[in-house]
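Please open the structure in a viewer and keep the selection tool at hand.

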Amino acid sequence: MILSCGEALIDMLPRESAQGEPAFAPYPGGAVFNTAIALGRLGARSGFLSGLSEDLFGQMLVHSLSDSGVDAGLSVRSDRPTTLAFVTLTDGHASYAFYDENTAGRMLKIEDMPAIPAEVKAMFFGGISLPVEPCGAAYEALMLREAESRVTMIDPNIRPGFIRDETAYRARLERMFAVADIVKVSDEDLRWIEGPGTIADLARGLLAKGPKLVFVTEGATGAHGFSKHCEVFVPARKVEVIDTVGAGDTFNAGVLAALDRADALDKRKLAGDEEELISDCLKLGVAAAAVVVSRAGANPPWSDELA
């Protein structure tokens, strides 16, 4: 199983009512939730660990996970509300206003984290769960606890407006990068973390922090993969973009699914001669992301859509 650990929320997407009034429609979402869904649809055995509400939105999230073959049995249920994210689209690019205080996901604590069964081969972390407390500390502690015995991947999916204590958040990322096997960032995230410079130079800086593989997505240009031994680039597929909601999350699932298919969710294999493996990860990630940007919202493809 690949266990995705992080936020689940409801994206309130802009719509227009039958009377022509502006409105918002609820869709299950959240960066880590989207990755879990995409993994299930791509045929991987997918699990999800988060704080999930018993409210109507929480039920919507649970049903969506089940419908995509995702096991949410390790998630922590509570009567706290579900996080809401109101989405604004500008030329297809999404910006978010989050309502996250005292929610089921936000209030997850270190002591809530369950024992992780041996069947979990890899764990994925990231999203808006990391810069906020107490859940940020809980996910960090879980990753540091499990990283020695399992493959771990992190995509911080940085939202600067969501970060209250930048110094503490940067320190948390440094600690998580140091134990991660795989780090994925967008080109914008990379420059927020490392400062100005070329993608290749900055990615090498991330590799120096500890991970074996670094993936960098560059929007409509394509995606890069780096190890200590090689660098691979795969161009983006040309599609008509509806919006970019869930694109990076789906790319992450493509990377993990490709590793799973190659039986490479193993620390020793990730440290080997990995040029072909990185290329396979990029190709599946780019192909899956191309589908999700060609339709509204975070709606990852099923494996037969990529055949």
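**A tour of selected salt bridges**

Begin by selecting Arg172 and Glu133, whose side chains form a salt bridge with an N to O distance of 2.9 Å. This pair joins distant parts of the chain: Arg172 belongs to helix α4 (residues 166–179), while Glu133 is in the loop between β10 (122–126) and α3 (135–146), 39 residues apart. The model in view is a predicted one. Is Arg172 buried or exposed? Arg172 is buried, at a relative accessible area of 8%, whereas Glu133 is partly exposed, at 41%.

Next, select Glu174 and Lys209, where a salt bridge spans 2.9 Å from N to O. Glu174 lies in helix α4 and Lys209 in the loop between α6 (199–207) and β13 (213–217), so this pair ties together parts 35 residues apart in sequence. Glu174 is partly exposed, with 35% relative accessibility; Lys209 is likewise partly exposed, with 23%.

Finally, select Lys212 and Asp181, which meet in a salt bridge of 2.6 Å, N to O. Because Lys212 is in the loop between α6 and β13 and Asp181 in the loop between α4 and β12 (182–186), the pair ties together parts that are 31 residues apart in sequence. Lys212 is partly exposed, with a relative accessible area of 24%, but Asp181 is buried, with a value of 1%.

Conventions:
Residues are numbered from 1 along each chain as its sequence is written. This is a predicted model: local features need pLDDT of at least 70, side-chain atom pairs count only at pLDDT 80 or more; totals for chains, interfaces and linings use all residues. Side-chain values use heavy atoms; hydrogens and water are left out. A salt bridge is a side-chain nitrogen of Lys or Arg within 4 Å of a carboxyl oxygen of Asp or Glu. Helices (H or I, at least four residues) and strands (E, at least two) are DSSP runs, numbered from the N terminus. Buried means under 20% relative accessible area, exposed over 50%, partly exposed in between (1.4 Å probe, protein chains only).
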